[in-house]
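Keep the viewer open and follow along.

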Amino acid sequence: GPVAKDIAKRYNVTPQQVIFAFVLSLGATPMVGSATAQHLKQDMDVTSDLLALEDRIRFAEALGKPDLVER
């Protein structure tokens with residue numbers, strides 16, 4: 001959605017990488033299925049600390065789940 005796209009622009013990553021980083025920041029392991037080597041590399045380059053707390057909060061609020069992120 002637009003929030004993932006906006007956050008992605010700020011970090012110079014793809015919206016999918018934002019989602020991947022958000023899931024990792026929750027302590028979960030995202031399920032991935034990469035169709036290309038480039039997408040697999042993009043997935044592997046993401047870490048749980050990619051996103052600042054404010055962006056994790058913003059993303060959780062966009063999902064309608066603000067309680068997902070501890071403040």
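A word on burial before anything else: a residue is buried when its relative accessible area is under 20%, exposed when over 50%, and partly exposed in between, using a 1.4 Å probe and protein chains only. What you're looking at is a predicted model, where local features need pLDDT of at least 70, side-chain atom pairs count only at pLDDT 80 or more, and totals for chains, interfaces and linings use all residues. Residues are numbered from 1 along each chain as its sequence is written, and side-chain values use heavy atoms, with hydrogens and water left out.

Helices here are DSSP runs (H or I, at least four residues), numbered from the N terminus. In soluble globular proteins, nonpolar side chains tend to be buried together.

Now zoom in on H1. Its buried residues are Ala4, Ile7 and Ala8. They sit on the same side of H1, because they cover an arc of only 105 degrees around the axis, taken from the directions from the helix axis to the C-beta atoms. The buried residues of H1 pack against H2 and H4, with contact meaning heavy atoms within 4.5 Å. Take Ile7: leaving out residues up to four places away in sequence, Ile7 touches Val18, Leu51, Asp55, Arg58 and Phe59. After H1 comes Asn12, with a positive phi near 60 degrees.

Across from there, H4 has Asp55, Arg56, Ile57, Phe59 and Ala60 buried, and its buried residues pack against H1 and H2. Just after H4, Gly64 has a positive phi of about 80 degrees.

Which residues does Asp55 contact, leaving aside its neighbours within four places in sequence? They are Ile7, Arg10 and Tyr11. Asp55 counts as buried because its relative accessibility is 1%. The C-alpha atoms of Asp55 and Ala4 are separated by 9.4 Å, though the two are 51 residues apart along the chain.

That brings us to the salt bridges (a side-chain nitrogen of Lys or Arg within 4 Å of a carboxyl oxygen of Asp or Glu). The count comes to four. One of them joins Arg10 to Asp55, with the closest N and O atoms 2.5 Å apart; this pair links H1 to H4 across 45 residues. Arg10 also forms a salt bridge with Glu54, at 3.5 Å between the closest N and O atoms, so Arg10, Glu54 and Asp55 are linked in a network. Glu54 counts as exposed, at 52% relative accessibility. Asp6 and Arg58 meet in another salt bridge, 2.7 Å from N to O. Asp6 lies in H1 and Arg58 in H4, so this pair ties together parts that are 52 residues apart in sequence. Asp6 is partly exposed at 32%, and Arg58 is partly exposed at 31%.

Definitions and conventions
Helix = DSSP H or I, 4+ residues; strand = E, 2+ residues; numbered from the N terminus.
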